[in-house]
Amino acid sequence: MLRSLLLYLSEREALKNLLSRYALGRRLAGRFIAGEELDDAVRVVRRLTGEGFAVTLDYLGESVHETRHAEQARDVYLGILERLQAEGIQSHISVKLTQLGLDIDEALACRNLQAICERAARYRTFVRIDMESSAHTDATLRVLRAAGFPPEVLGIVIQAYLYRSEKDITELLRSGTRVRLCKGAYMEPPEIAFPYKADVDANFVKLMEKLLASGHDHAIATHDPKMVAATLEFARARGMEVERFEFQMLYGIARRMQRDLLQKGHRVRIYVPYGKQWYSYFMRRLAERPANLLFLLKNLVRG
């Protein structure tokens with residue numbers, strides 16, 4: 001019930017405006033957000049890469065409804081790529097297509113994505129399309145195909161809680177697309193998504209095995225110790241080298257697990273979000289693991 005409530009609140013504009021306006025909201029979100037400005041994010045990226053982690057940088061924002069806002073988001077990403085290149089910082093980037101205009105026009109989102117990918121290809125880095133709610137899944141996959149970039153430049157996220165994901169992964173593997181597998185963080189009806197955690201977990205393991213067995217370079221995104229253990233067990237049984245896949249985890253979550261995996265020689269990439277539009281992302285992180293809410297409140301009282 002708490003998860004459903006938090007996901008419901010993640011879409012409420014009144015609470016978004018309230019929390020975003022005050023320092024308290026930014027302080028709470030600071031556990032999961034690198035900061036509101038690119039300078040903040042660059043400092044975090046430098047620290048993490050210095051510790052041996054790989055990084056994906058994400059400029060927060062979604063669901064824009066004006067062309068100029070979509071183009072502004074595109075230009076921010078182009079600026080991020082220029083900054084990373086100028087300072088010699090190794091980082092992938094992650095984009096949401098609704099931030100690039102998907103809800104306005106697929107062609108607009110595709111053009112904006114292509115501009116970002118062209119710059120990324122020039123600098124030999126990688127762009128990952130985040131998967132949003134199921135209402136956008138088909139359009140997201142269409143834009144991925146229409147963009148026309150090779151797997152070395154452009155990849156996508158697939159969510160294990162959707163019934164359709166096994167079919168989607170089968171099709172993506174035919175083109176060698178690099179997939180980031182996660183459980184999923186949106187509120188979806190039982191007609192579309194597995195309603196129970198045990199079923200989501202079982203599907204995650206099935207899809208993870210399918211991805212790793214493909215021989216392509218994929219990412220397993222989870223903070224669930226059982227899913228991590230299942231991935232390691234499958235890789236060991238197959239005699240897979242640690243370079244064949246990577247774990248991906250979110251900034252501020254399961255930090256001990258991140259360090260442990262890194263120290264054991266596994267590839268670990270941290271997803272580092274920044275920007276002023278942090279509210280929806282923050283609420284989804286709380287919904288994924290409601291215990292995070294208690295953790296934040298305890299630390300708030302101590303502070």
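Colleague: Which residues does Ser165 touch, not counting residues up to four places away in sequence?

Modeller: Ser165 touches Ile158, Gln159, Ala160 and Leu207, where contact means heavy atoms within 4.5 Å. Before we go on: this is a predicted model, in which local features need pLDDT of at least 70 and side-chain atom pairs count only at pLDDT 80 or more, while totals for chains, interfaces and linings use all residues. Residues are numbered from 1 along each chain as its sequence is written, and side-chain values use heavy atoms, with hydrogens and water left out.

Colleague: Why is Ser165 called buried?

Modeller: Buried means under 20% relative accessible area, exposed over 50%, and partly exposed in between (1.4 Å probe, protein chains only). Ser165 has 1% relative accessibility, so Ser165 counts as buried. Ser165 belongs to helix H8 (residues 165-174); helices (H or I, at least four residues) and strands (E, at least two) are DSSP runs, numbered from the N terminus.

Colleague: What makes strand E4 largely enclosed by the rest of the structure?

Modeller: Six of the six residues of E4 (residues 154-159) are buried, so the strand is largely enclosed. Leu154, Ile156 and Ile158 point one way, while Gly155, Val157 and Gln159 point the other way.

Colleague: How do you know that E4 pairs with strand E5?

Modeller: Two strands pair if DSSP finds at least two bridges between them. Four bridges join E4 to E5 (residues 179-182), and the two run parallel. One of the bridge partners is Arg180 in E5, for Val157.

Colleague: What kind of unit do E4, H8 and E5 make?

Modeller: They make a right-handed β-α-β unit. Right-handed means that, with the strands pointing away from the viewer, the path from the first strand over the helix to the second runs clockwise.

Colleague: Why do you call Lys167 and Glu171 a salt bridge?

Modeller: A salt bridge is a side-chain nitrogen of Lys or Arg within 4 Å of a carboxyl oxygen of Asp or Glu. The closest N and O atoms of Lys167 and Glu171 are 2.9 Å apart, so the pair meets that rule. Both residues lie in H8, four residues apart, about one turn of the helix.

Colleague: Is Lys167 buried or exposed?

Modeller: Lys167 is exposed, because its relative accessible area is 54%. Glu171, at 34% relative accessibility, counts as partly exposed.

Colleague: How many salt bridges does the rule give?

Modeller: The count comes to 23 salt bridges. Among them is Arg43 with Asp40, whose closest N and O atoms are 2.6 Å apart.
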